[in-house]
Amino acid sequence: MKERKVTATNPLPKTKYIKQEGAATPTHDQLERDCGYFQSQKLLRSMLDCGLISLSKFNKITLLNRQSFYPYLVEIMPEIR
């Protein structure tokens, strides 16, 4: 079996947040869940790109990640079929 190396990509650039009146501010716990979700998805995407998992497995694990981490805006994320 051919050995494949998974490398980390550069971290996301710092984002400037603009406080909007009436907008809900995420809590520390919500931000931690989001961070965990996106790190997990980043690793999962690398595995898919390297051919280590199939698209159907990727979608199943993505659904599990959404249930486990429950990201801040999970309600508006695209549905996986």
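How many helices and how many strands does the protein chain have? The protein chain has 2 helices and 0 strands, where helices (H or I, at least four residues) and strands (E, at least two) are DSSP runs, numbered from the N terminus. Before I go on, please keep in mind that this is a predicted model, in which local features need pLDDT of at least 70 and side-chain atom pairs count only at pLDDT 80 or more, while totals for chains, interfaces and linings use all residues. Residues are numbered from 1 along each chain as its sequence is written, and side-chain values use heavy atoms, with hydrogens and water left out.

Let me begin with the chain as a whole. Of its 81 residues, 22% count as buried, and buried here means under 20% relative accessible area, with exposed over 50% and partly exposed in between (1.4 Å probe, protein chains only). The protein chain exposes about 7,300 Å², of which carbon and sulfur atoms supply 58%; these accessible areas come from the Shrake-Rupley method with a 1.4 Å probe, and for residues only the protein chains shown count as cover. Among contacts between residues at least 6 apart in sequence, 56% join residues at least 24 apart, where contact means heavy atoms within 4.5 Å.

Now to helix α1, which covers residues 28-49. With its 22 residues, α1 reaches 31 Å from its first C-alpha to its last, close to the 32 Å expected at 1.5 Å a residue; the expected span is 1.5 Å times one less than the number of residues. Among the buried residues of α1 are Q30, D34, L44 and L48, and the buried residues of this helix pack against α2 (55-69). After α1 comes G51, whose phi is positive, near 80 degrees.

How do the two helices lie against each other, at what angle and with what distance between their axes? α1 and α2 pack at an angle of about 170 degrees, with their axes 10 Å apart, where axes are lines fitted to C-alpha atoms, for helices over the stretch in contact, and angles run from 0 to 180 degrees between N-to-C directions. The two helices are therefore roughly antiparallel to each other, since angles under 35 degrees count as roughly parallel, over 145 as roughly antiparallel, 65 to 115 as roughly perpendicular and the rest as oblique. Where they meet, the α1 residues include R33, S40 and R45, and those of α2 include L55, I61 and F69.

R66, in helix α2, is buried, with a relative accessible area of 13%, and its C-alpha atom is separated by 9.7 Å from that of Q41, 25 residues apart along the chain. In the loop between α1 and α2 we find I53, which is buried with a relative accessible area of 17% and which, leaving aside its neighbours within four places in sequence, is in contact with L44, M47, L48 and F58. In the segment before α1 sits T27, partly exposed at a relative accessible area of 42%.

Finally, the structure holds 1 aromatic pair. The rings of Y37 and F38 have their centres 5.1 Å apart and their planes at 80 degrees, so the pair is edge-to-face; rings of Phe, Tyr and Trp (its six-membered ring) pair if their centres lie within 6.5 Å, and planes under 30 degrees apart count as stacked, over 60 as edge-to-face and the rest as tilted. Y37 is buried, with a relative accessible area of 4%, whereas F38 is partly exposed, with 48%.
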